[in-house]
Amino acid sequence: MNLIERAKSILLQPKETWATIDTEATDTATLFTRYAMILAAIPAVCGFIGMSLIGFGGFGVTIRVPFVSGLVNMVVSYGLSLVGLWVLGLIIDALAPTFGGQKNAIQALKVAVYASTAAMLGGVFSLLPSLAMLGLLAALYSIYLLYTGLPVLMKSAPAKSVGYTVVVIIAAIVMGVVIGSVSALFMPRSGALFGDAGAPAITMNTPGGKVSIDTSGLEAAGKKMEEAARKMEEAQKSQDPAAIAAATGDAAKAAAGVLGGGQTIAAQSLKAALPEKLAGLPRTGFDVQDGAALGLPTSQASAQYGSDDKQLRLEIVDVGGLGQMAVMAMGMVQGEKEDQTSAEKTWQEGGRTLHQRYDKDGSHAEFKTILKNGLVVSIEGDKIGVKELRGLMSQVDLNGLEGLQRKGKS
């Protein structure tokens, strides 16, 4: 099964594709490791980028979820979304006889996974709040996929397809509320204003140019994913609550490994790129960190520059494999947004992704660059124009940062 071709066919030719899926021999491990675990990473990673890297706001206020909190939410939401697919398959299977269908656990899981394709791909729109409506439309298309797949795979009565679909959707909404509530436990109670921000080989083309993806560690993570999926399948068959809980924990750990696969550039190398002065202002402090949040490799270096009337902050962040995924995701989304108090824009230039946001009263501005290797460089300050910030980016050795190599094979 080719993932890209399968996703394309289920979206464009659902009825014909469901007929093909119906006859395919597969198992839980294959469905998860070769399809669900890959697509489910899209909304998780894009949500992290949108909330913690780009931020969202209005009325002159920008909110970004703190970096570590964003990572926690990403891993938790990713793991719970996979568990949610599995539970949705159980629901579809349990309801089948009620609507004239036949119980079949693997067929039900097929419906849950493949019908969710549109919703998972639509997760890319969570990069920018202004595109959230497109993500909702994609999720609604998954309802149609569910409606067309149930009678084919679960052999339910065609006349009862609408009722079957509605009941499954209601169950999915309830489950989504529960998952959202659990996820919310790992989020801050209020957004941090201009707080911590993070960002962050397979070679592929994007609208911004070629992107080199560091695949170090992904092979080992993939094996862990397969093992986690196998344990989930065994737990499902045993119906043992303890085994199910243990398998879920293993799946979450495997998810962390996949999302953060690879190495990061040493924080001291990032620190070397922090200039002693910025816009003529002296460096008043810096913060350098090397670590692994939730098993995800991270490194960052930031510095503050200022005088009595002007303050600037420069930050360089690397989150390994996530940075590479950020390059791919941001290469797919460009746009701009403006209201009475603020304006923001995301675009591609020279193979890099650029993002700017400023308050129209001149109180605050920020400018970010996502480099080709996934590093994120951001400058923000008060009482300074966004054009001046963009000019200050030239005082940072972006080419040198882009040339830094991570450990591991490419």
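The model is predicted: local features need pLDDT of at least 70, side-chain atom pairs count only at pLDDT 80 or more, and totals for chains, interfaces and linings use all residues. Residues are numbered from 1 along each chain as its sequence is written, and side-chain values use heavy atoms, with hydrogens and water left out.

**Overall**
- The protein has 15 helices and 14 strands, taken as DSSP runs numbered from the N terminus (helices: H or I, at least four residues; strands: E, at least two).
- Of its 410 residues, 51% count as buried, meaning under 20% relative accessible area with a 1.4 Å probe, protein chains only.

**Helices H2 and H6**
- The axes of H2 (residues 14-23) and H6 (residues 105-115) come within 10 Å and cross at roughly 145°; axes are lines fitted to C-alpha atoms over the stretch in contact, and angles run from 0 to 180 degrees between N-to-C directions.
- From H2, Trp 18, Ile 21 and Asp 22 meet Gln 107, Lys 110, Val 111, Tyr 114 and Ala 115 of H6, where contact means heavy atoms within 4.5 Å.
- By class, this contact of H2 with H6 has five nonpolar, one polar and two charged residues.

**Asn 373**
- Asn 373 sits in the loop between strand E13 (364-370) and strand E14 (376-382).
- Asn 373 is buried, at 8% relative accessible area.
- A polar atom of the Asn 373 side chain lies 3.0 Å from the backbone oxygen of Leu 401.

Definitions and conventions
Buried < 20%, exposed > 50% of the residue type's maximum accessible area, 1.4 Å probe, protein only. Polar contact = N/O pair within 3.5 Å; in protein donor to acceptor, adjacent residues only side chain to side chain. Nonpolar A, V, L, I, M, F, W, Y, C, P; charged D, E, K, R; others polar.
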